Amino acid sequence: MAILNDLPVWQKLNVSAFLASSVSIGISATHGQAFVTRNGTHYLPFIKHPVVVLGAESKDQLQRALKRARDRGLAIGIYTGALFHTRSEEGNLEEIRQSDDESLDLVGLIVYGENKKVDKAMEGLKFHV
């Protein structure tokens, strides 16, 4: 996952939560098993794999990673700046529908797939601090 570094903290947290959920919803192989206590209480599972959060210094870096991920056939989730202003799934879908891939106002993205391909797509991005 890569998130634009200059977002306010609340937006970074929001973006990372939505992007992580896109992988867990979209790729069944990432689903873990529910947690069950001795009492038999069930709690929601985690994603099976760690989520690495990288920081992008610019939207150009995010666009580059997006293009490289598409070129490598990776599964991709996106978050654009416009989504901070929508209040529903319908609004989110409409905002994305109005953009083409090259003009997406990316503030974050997540990619999933073979480790080597993911590493190549995200090359140049550093761990988020």
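**Aromatic ring pairs in the predicted model**

User: In this predicted model, is Trp10 buried or exposed?
Analyst: The relative accessibility of Trp10 is 52%. A residue counts as exposed when its value is over 50%, so Trp10 is exposed.

User: Is Phe84 buried or exposed?
Analyst: Phe84 has a relative accessibility of 11%. The cut-off for a buried residue is under 20%, so Phe84 is buried.

User: What kind of aromatic pair do Trp10 and Phe84 form?
Analyst: The count of aromatic pairs comes to 4. In the pair of Trp10 and Phe84, the separation is 5.8 Å centre to centre, with 65° between the planes. Planes over 60 degrees apart count as edge-to-face, and the pair of Trp10 and Phe84 is edge-to-face.

User: How many residues apart in sequence are the parts that this pair ties together?
Analyst: Trp10 belongs to helix α1 (residues 9-26). Phe84 lies in the loop between β5 (75-80) and α3 (89-97), so the pair ties together parts whose separation in sequence is 74 residues.

User: What kind of pair do the rings of Phe35 and Phe46 form?
Analyst: Their centres are 4.9 Å apart. Because the planes stand at 70°, the pair is edge-to-face.

User: Where in the chain does Phe46 lie?
Analyst: The pair links distant parts of the chain, with Phe35 in strand β2 (residues 35-36) and its partner 11 residues apart. Phe46 is in the loop between β3 (42-43) and β4 (54-56).

User: Which residues do ring pairs link into a cluster?
Analyst: Trp10 and Phe84 form an aromatic pair. Ring pairs link into a cluster the residues Trp10, Phe18, Tyr79 and Phe84.

Note on methods. Residues numbered from 1 in each chain as written. Predicted model: local features only at pLDDT ≥ 70, side-chain atom pairs only at ≥ 80, totals over all residues. Heavy atoms only, no water. Phe/Tyr/Trp six-rings, centres within 6.5 Å; stacked < 30°, edge-to-face > 60°. Helix = DSSP H or I, 4+ residues; strand = E, 2+ residues; numbered from the N terminus. Buried < 20%, exposed > 50% of the residue type's maximum accessible area, 1.4 Å probe, protein only.
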